[in-house]
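Dear colleague,

Please find the structure below. My notes on it follow, and I would be grateful if you could read them alongside the model.

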Amino acid sequence: MSDTKTESPNAVPGKILVGATHDGARAYRYLALPLGNRHGLISGATGGGKTVSLQLLAEGFSNAGTAVFLADVKGDLAGLSQPGDAKPAFVKRAEEIGLRYEPDRFPVVFWDVFGEQGHMVRATVSEMGPLLLSRLLELNDTQEGVLNIVFKVADEQRLLLLDLKDLRAALTYVADHAAEFKVKYGNIAPATVGAIQRQLLVLETQGGDKFFGEPQLDIGDFIRADRDGRGVVNILAAEKLMRSPRLYATFLLWMLSELFETLPEVGDLEKPKLVFFFDEAHLLFQDAPKALLSAIEQVVRLIRSKGVGVYFVTQNPLDVPDTVLGQLGNRIQHALRAFTPRDQKAVRAAAETFRKNPAFDTTEAIMRLAVGEALVSMLGDKGAPEMVDRVLIAPPAARVGPVTPEERAAVIAGSKFVGKYDQPVDRESAFETLQGGGPGKSGAGGMLGGVIGGVLGALFGSAKGKRLSPAEAAMRSAVQSAAREAGTRIAKEILRGVLGTMSK
């Protein structure tokens, strides 16, 4: 936290300017968030200013050279790609706290699970793993156990589970050979397999089938900077995805686990390589089984050493379990409304999570914060939480609000990922293997495909700086997906052990 200042500190080296406190005598004390403390929480009731705070932090991280990922659940974060339009309220706020309002735009890449408002984002079924799939499909313990058996059999039989038709085929295969697997794995009831198949159909009708397949997202494509050294802001168009809250939460958790698995250990960096904003975080923890909560806690605790910061965004800090909340050192709390005794209890509980400031009553302040105000607490230089302060939030530099379809299309057309993820690739996997007579019947074809893939990868890899055609880009991405699938099998099994997804 900086000292009292009288001049505009629009740029704070090594920190993100959050806003300013005011002592009533036109002397402001500016609050700046250290880049090195990488986990945080933004909370508050609807309409209190959470989105503006999220955008302000995203801009700050981008300016510092840190890449950002965030989900745009209402469509108004897309404005980061366009310069700010000097809204009177923002200009007034900047003048009020002694800042210069300087419109700016940021390097943005749009992504979309459905491929409608950004580049396609896909994962393979095997990458998702049985624990997250069970959560996504709302399976009970018995059904989750059978799904674990399917994954175990697929590993043993070298059946690639890439998309939903592969998983259906593997389920049918296990059901048809239930008597053979019973001694080793236990009973596999046809009714249980049928229930899982029905849930897969529900997922497909929700659009989940578009998410599973190849080319799979290369998580390294998120961690980039533009030619000016500013971190790229990756925006997931999530308005449609939010209609299926469980799919939304599972998808973001999968991305977080991919970062955890893929990135190397880097220790304690001066600034993170990527900051991940998890909006509507209550959906992640709501009705989550104990095993999943434990996995989330582990990932959040360990991913910091991978150079990744995580910010949860939700209405009430109590939406986040204590084991996770305790790891979130940087806090921005907007107003909470207390209309009922239950609400009042929640406000008091939220206030108790801050280190108190003798200058004001934290509980009272949370209920009386105006739009654009927040209580802010962060970790100090020695890692201890500082006293909470009542802060006027600084205005973002980019547009706060949606973009037009034409503006979005222009950003997408200018992206380096045009053609890389847009077209699905369906290579030989479990479905084709089982259609061809079962495991071991198509090994020559798989081997030939691997040789061809290696040659294509070598050719494409040697074309540095060349802008590939959409067909070439899609093929290269498929080859890379295949290489990751084959080359990280052992790492996957280790990761499943950490995340609780290894077959029991």
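Which residues have the most contacts inside the largest nonpolar core? They are L236, F251, L252, M255 and F312, in a core of 88 residues. A nonpolar core is here a set of buried Ala, Val, Leu, Ile, Met, Phe, Trp, Tyr and Cys residues joined through side-chain atoms within 4.5 Å; buried means under 20% relative accessible area, exposed over 50%, and partly exposed in between (1.4 Å probe, protein chains only). Helix α9 (residues 245-262) gives the most to this core, with 11 residues. A second, separate core has 47 residues, including Y28, A94, I97 and L392.

As to the basis of these notes, this is a predicted model, in which local features need pLDDT of at least 70 and side-chain atom pairs count only at pLDDT 80 or more, while totals for chains, interfaces and linings use all residues. Residues are numbered from 1 along each chain as its sequence is written, and side-chain values use heavy atoms, with hydrogens and water left out. Helices (H or I, at least four residues) and strands (E, at least two) are DSSP runs, numbered from the N terminus.

Two residues may be described by their contacts (heavy atoms within 4.5 Å). Leaving aside neighbours within four places in sequence, F312 touches G40, L41, I42, F278, A281, L284, F285, V300, V324 and L328. F106 lies in the loop between α2 (88-96) and β6 (108-112), and counts as buried because its relative accessibility is 4%. The C-alpha atoms of F106 and R399 are 10.0 Å apart, although 293 residues separate the two along the chain.

I turn now to helix packing. Axes are lines fitted to C-alpha atoms, for helices over the stretch in contact, and angles run from 0 to 180 degrees between N-to-C directions. Helix α3 (residues 125-137) packs against helix α4 (residues 141-156) at an angle of about 160°, with the axes 9 Å apart. This makes α3 roughly antiparallel to α4, where angles under 35 degrees count as roughly parallel, over 145 as roughly antiparallel, 65 to 115 as roughly perpendicular and the rest as oblique. On the α3 side the contact is made by V125, S126, G129, P130, L131, L133 and S134, and on the α4 side by E144, L147, N148 and F151.

Helix α4 also meets helix α6 (residues 178-185), their axes coming within 12 Å and crossing at roughly 100°. The two are therefore roughly perpendicular to each other. I149, K152, V153 and E156 of α4 form this contact with F181, K184 and Y185 of α6.

Finally, some points of backbone geometry deserve mention. E138, in the loop between α3 and α4, has a positive phi of about 55° although it is not a glycine; E138 is exposed, with a relative accessible area of 53%. R158, in the loop between α4 and α5 (164-176), likewise has a positive phi, near 55°, in a residue other than glycine. R158 is exposed, at a relative accessible area of 55%. The peptide bond from E214 to P215 is cis, with omega near 0°, and P215 lies in the loop between α8 (208-211) and β8 (233-237).

With kind regards
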